[in-house]
Every structure is written in C-alpha cells, then in structure tokens.
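Visitor: Could you walk me through reading a structure like this one? I'd like the general idea each time, then the case at hand.

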Amino acid sequence: MDLIKAIIIAIVEGLTEYLPISSTAHMGFAANLMGLEESEFLKMFQVSIQFGAILSVVVAYWKKFFDLKNLQFYFKLGFAVIPALVLGYIFDDKIEAVLGNQIAISSVLVLGGIVLLFADKWFKNPVIHDEKELSIKKAVIIGFWQCLAMMPGTSRSAASIIGGMTQGLTRKAAAEFSFFLAVPTMLAVTVYSVFVKTWGKATGNPMKGYEMILESQDHIMIFIVGNIVAFITALIAIKAFIGVLNKYGFKPWGWYRIIVGIALLVYFYWFK
C-alpha cells in the first residue's frame, strides 16, 4: 500500500466513520477497488486511523470534553463503553475473521439500510433533547446497542444512534451522544490494535501493531498521514451529518446503504 492509496482509505474512513453507513464496508470496497491485497498491516491501518477520527469529535465538541465541572458526562461515557470493551475483547478473533468476507458485510449493509428507512417512523415522540437529561442507565443501554456494530457492515454510528432513539433521545441528541461515545470506544480499539493485539498469528510472523508501523519509514509516514487525513475529513463529515439528519432524517442514508450494498454484492459476487 503506497501513500496515495492510504490517503484514499483515510478519506473514506473519515467521511464514513460517523455516518450510519459503515466505514468498514466502505474501506473494504475502496481497498478492493484499488487492488490492494489483504494484509495484516492493511487491517491494522484501517483500525488505527480511527484515532484521527476520534480527535475530530474532541475538537468539534471541545467545550463538552473539557468541561471538568460536568463529571456526569464522563461517568456516562465510562459506563456506556464497558459493553463494547468486554464483548469486543471476547469476540475479537471472530470479528477479524468476518472482515475479509465482503459478501457478508455487503448483505449487512443492505439489511441495515432497510432498518433506517423505517427508523423515523418508529421513534416519533422523543423526550430527551440534550445529553444532560440522559441517565447513566440509559447510556449503558445505548452502549449495548453499539455492540451490534461488532458485525462489520452494521455501522457503529447507526447502531448507537438508533439505540439512543430507543431511549427517547431526539435524532440530534442521539447522533451527538453517538459521537461522544465513539471517543472512548475507538480510543480503546486503537490502543488495543496498535499496542496489545498480536497480528498475523497464523502467518508465522506475528507482530504488534506498533512493530508493523515502525517496520519501515513508509509505514510510519502512512500511519501519520492517514490519521491526519482521517481527522480532517471526519471533522467535515460530522458537521454535515447533523444538518442532513435534522432536515431529512434517516431515509437518505437508508437508501444509500441499500443501493451501495446491492452494488457491492454484485461486484463481489460476479467480478471478484
């Protein structure tokens, strides 16, 4: 993977991470379209550039994240992220195995799109308009909903936003809490992938993520530039998504997922 292809993947990650359309599916498609062979470094890179996307939320909502007087905010995120940390660790190998199954991911993309077509009708009477009104119990329930995204193609954003709406949040409040929850979730995933997880156990050349990054100057450059690009594009996507969601709801994203999912199924079934 050269730097240009890494930048393209980082752009895809940044634009899709916080949208309810699955960044995993889109990065997988982009990598296949560019003819990249599946490798341990590629899989690790796709996870690790989430760090850049994390920083975009912190910057966009810096007043919220650095308001030390609002300790409830930190408690809510801390408890809400626990389900993902526990279940993610338990099912890590199974999740990684599915990452290479583009047919399964594309199918989930379509199914998730169908769900989004009806999401606005299912949750018509929200009662919580701000994160401050959300209880810790409801935050934990949203955290369990987020775990649905462990199936690649589901979309962490879609799962947690719908989870928020089941707890009475407005679309905007649910989307913003989904952004907030992404920070500890993806930070944990990135740290685990780079510093804890051993990649390539079956290849005879197992390595930690940071060892793969430090393996060459090219890998270091790809990692740094990838995170910078993911940060910039995610910052743009966050601001745009809230506006579109408030105005049009989930239907545009539902139709998008269905159309793209079907296109991917055709591509991977007949042409790969």
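Visitor: Let's start local: in which loop is Ser-155 found?

Guide: Ser-155 is found in the loop between helix H10 (136-146) and helix H11 (156-166). Helices here are DSSP runs of H or I with at least four residues, strands are E runs of at least two, and both are numbered from the N terminus. Before we go on, this is a predicted model, where local features need pLDDT of at least 70, side-chain atom pairs count only at pLDDT 80 or more, and totals for chains, interfaces and linings use all residues. Residues are numbered from 1 along each chain as its sequence is written, and side-chain values use heavy atoms, with hydrogens and water left out.

Visitor: What is the phi of Ser-155?

Guide: The general idea comes first: most residues other than glycine have a negative phi. Ser-155 is not a glycine, yet its phi is positive, about 95°. Ser-22 has a positive phi too, about 75°, and is not a glycine either. Ser-22 sits in the loop between helix H1 (3-16) and helix H2 (23-33).

Visitor: Are Ser-22 and Ser-155 buried or exposed?

Guide: Buried means under 20% relative accessible area, exposed means over 50%, and partly exposed is in between (1.4 Å probe, protein chains only). Ser-155 has 5% relative accessibility, so it counts as buried. Ser-22 has 3%, so it counts as buried as well.

Visitor: And zooming out, how many helices and strands does the protein chain have?

Guide: The protein chain has 15 helices and 2 strands. Of its 272 residues, 51% count as buried.

Visitor: What does the radius of gyration say about the protein chain?

Guide: The radius is taken over C-alpha atoms, and the globule rule is 2.2 Å times the number of residues to the power 0.38. For 272 residues a compact globule would come out near 19 Å, and the protein chain has 18 Å, which agrees. Its C-alpha trace spans about 55 × 45 × 30 Å along the principal axes.

Visitor: Which residues does UniProt list for "transmembrane region"?

Guide: The unreviewed UniProt entry lists several stretches, including residues 41-61 and 177-199. UniProt positions are given in the numbering used here, feature names are shortened, and annotations may be inferred rather than shown by experiment. In the model, residues 41-61 are 90% helix and 0% strand, with end C-alpha atoms 31 Å apart. Residues 177-199 are 87% helix and 9% strand, and there the end C-alpha atoms are 32 Å apart.
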